[in-house]
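Dear colleague,

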Number of protein chains: 2
Amino acid sequence: MENKKSLVYFQSGGPTAVINSSLFGVVTEAKKHAKELSGIYGSMHGVEGLIKDEIIDLGLEDSKEIALLKQTPGAALGSTRTRLPAEGDPLFQKIVATIRRHNIGYILVNGGNDSMDTCARLARFFDASDTNVKVLGIPKTIDNDLLITDHSIGYPSAAKHVMNSLKMAVLDAKAYRKGKVLLVEIMGRDTGWLTAAGDLLPEGERPDLIYLPEMGFSLDQFLGEVKATYDRQGYCVAALSEGLPMAHINEGRVDSFGHQSLEGVCLALAGCISSRLGIGTRTFELSLPQRADPIFVSAVDRSEAIRIGAFAVKKLLEGETGQMVCIRRLSSSPYRAEFVLAPAEIIANKVKKIPADWLYDTRRLSDSFRQYLTPLVQGEVKVRCENGVFKTAHLRLIPVK
Amino acid sequence: MENKKSLVYFQSGGPTAVINSSLFGVVTEAKKHAKELSGIYGSMHGVEGLIKDEIIDLGLEDSKEIALLKQTPGAALGSTRTRLPAEGDPLFQKIVATIRRHNIGYILVNGGNDSMDTCARLARFFDASDTNVKVLGIPKTIDNDLLITDHSIGYPSAAKHVMNSLKMAVLDAKAYRKGKVLLVEIMGRDTGWLTAAGDLLPEGERPDLIYLPEMGFSLDQFLGEVKATYDRQGYCVAALSEGLPMAHINEGRVDSFGHQSLEGVCLALAGCISSRLGIGTRTFELSLPQRADPIFVSAVDRSEAIRIGAFAVKKLLEGETGQMVCIRRLSSSPYRAEFVLAPAEIIANKVKKIPADWLYDTRRLSDSFRQYLTPLVQGEVKVRCENGVFKTAHLRLIPVK
């Protein structure tokens, strides 16, 4: 009884469609461990809640609302982009105060590579200060850029959203005899994992051209490929990562108020196509639904999101700390995978790019990429609606006294 | 037997998520009238197919593919923005030649207010030239701006897509403690019917502010309302019609290549917010999925799309011509409606705006608007997927000899 400690879970970085499914998995598993846990808590807005003592009692939430977390995009507990300073900073004493006040013994950090830095720093600090608190990371990012893990939770669903949106774009582009160039802008500042998903679509539904940051970028080559495609079939759909290395094109672009243009790569390139090729062009930025669409969630992704949360709870209670749960693929067909642990500090702040030998050219990626992604986007989820709109969890978020 | 004529159907104007459901309804009904019809044809790319003799035989399509039309967005037969010239133009003789070649006696025009001009002109021409061809219109436009009809087929589904996208946007905007201003750009050049749909969302999921073309637009008022909302709650989600009357703001905006900026209203206003209020702002243009999303289709809309196609076939065979099928609402709760005919020429080229007494202010529309739209967005549709992507019809499009 005296050894009972509470568990606190928090969300960090950009939201995804399934981060709250991991929260569901954590709460559901933690409830099975009432003998070992004195409370199941949430820290509001990531590590900020630990610093400011904004800790809520997840045990007081209605079970119906907890179940609805599975179809609730966004970050149900609020997120943060706050990064922890170096150990020794007085801020750590605020965290220690919160931990003592609520008898916290276990922390789960659900986030991406910045958040794994938080996970690693907290674990190191607790170890070094002989504070008996264990910390584990649950991977989450639509960018799929975390090292070691086969893929990141949230990526398969975002990839599925991208595939379906690109199919809509191609259907729309084909409607007219005299078409346009359609530039589709897809998330991914450093990597092309999401944009590459378009390559899985079958012939006739696939974008004609795919540009990823890993490929570099030549404006002349781009214009040549767009023109050749347009001349051949009367329209052209190109999928482009927002993070294409084209600073040289954007440089100095200011809007009419004189400040740095808010235009993305596609709007800038649409201007180039207009002026240099004289072809009508429109842009389509996939935008927020990539991380917030509850419909095109992959059943595989949701299931893994839930199970990885449960796995993290069990490993915390076994005494593991400073690790992130990773997915190790055992087989692609049929798809089989297991969860393993890897040190959070070797994952923190680093970026996994698409392997060079998976890239082929702007018309087609390699078979290896398709074998990798195909099993991850399978399976549809049921979504409950009310008055035509998807239902979401309404949590009470009652502070722990 | 000698009186048997063929029916030709075509699609015109912007695609919607359910225009192909009307095609499904037309084909299914027409097949029941084998005694009266010598063929069930489609004209490719709208009236262009009649001009260029590109007529395909819908009777040769596989019934499985015809059924898949119900979940196929885009224009399965291709669309057009071509407008017919004044009667007397030699082009009408080309149409007459196609009609004689294929023994066409019935034409269905599926489109919006430009397309009803085509419908009216064709009917007038055939009447005046004693050509025995009947022409009826089937309403289709996500803009909901057709006169007389209670609503346009396609609008309820697009409105439902807008509502769900706005809910995603609000969930995303709330994720961080220190939020941004999020400007959501929604289709509607002349009217705010689609943007107004955001008003149906419940408190806490609704955009904070809604700007419609019918309300006029004052930049100072806009900036004041955004600032007040942001100061109060730390973020602000505003839904704006692409057609806001703000030419005075866009005027003279050119990009760094010196040509007219491709920026929409939201990007232009984001610049104003940055420079005048100094608040971080992002934009989210709902873009193509508003007319191409097969998922957030309203069951009411799809059902009406199918039944209105069938109704149009029956009325053609009864000898009606020069009319558009309209929806007359009998009751909102429970929702009941019937189909009636109205002259296409009084609908052609005109625009139905939101009634002035349905507008209230940028925070809330009137109850009348909500009573109007609520029954139309009800009901979900089942969508078949394959490898994580929605399935669509693949038509053979075999030319009639």
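Is A:F222 buried or exposed? In this predicted model, A:F222 has a relative accessibility of 0% and therefore counts as buried. A:F217 is also classed as buried, because its relative accessibility is 14% and the cut-off for that class is under 20%.

Across all chains, a search of the whole structure returns 22 aromatic pairs. One of them joins A:F217 and A:F222: the ring centres are 5.5 Å apart and the planes meet at 45°, so this pair is tilted. Tilted, too, is the pair of A:W358 and A:Y372, because its planes stand at 50°, with 5.2 Å between the ring centres.

The pair of A:W358 and A:Y372 connects distant parts of the chain, its members being 14 residues apart. A:W358 belongs to the loop between α13 (344-347) and α14 (367-373) of chain A, whereas A:Y372 lies in helix α14 of chain A. With a relative accessibility of 17%, A:W358 counts as buried; A:Y372 is buried as well, at a relative accessible area of 6%.

A:K70 is placed over the face of A:F24, 4.6 Å from the ring centre. In the other case, A:K167 has its charged end over the ring of B:F390, at 4.9 Å from the centre of that ring.

Yours sincerely

Notes
Residues are numbered from 1 along each chain as its sequence is written. Chains are lettered from A and ligands numbered from 1 in the order in which they are written. This is a predicted model: local features need pLDDT of at least 70, side-chain atom pairs count only at pLDDT 80 or more; totals for chains, interfaces and linings use all residues. Side-chain values use heavy atoms; hydrogens and water are left out. Rings of Phe, Tyr and Trp (its six-membered ring) pair if their centres lie within 6.5 Å; planes under 30 degrees apart count as stacked, over 60 as edge-to-face and the rest as tilted. Buried means under 20% relative accessible area, exposed over 50%, partly exposed in between (1.4 Å probe, protein chains only). Helices (H or I, at least four residues) and strands (E, at least two) are DSSP runs, numbered from the N terminus. A charge sits over a ring if NZ of Lys or CZ of Arg is within 6 Å of the ring centre and within 35 degrees of the ring normal.
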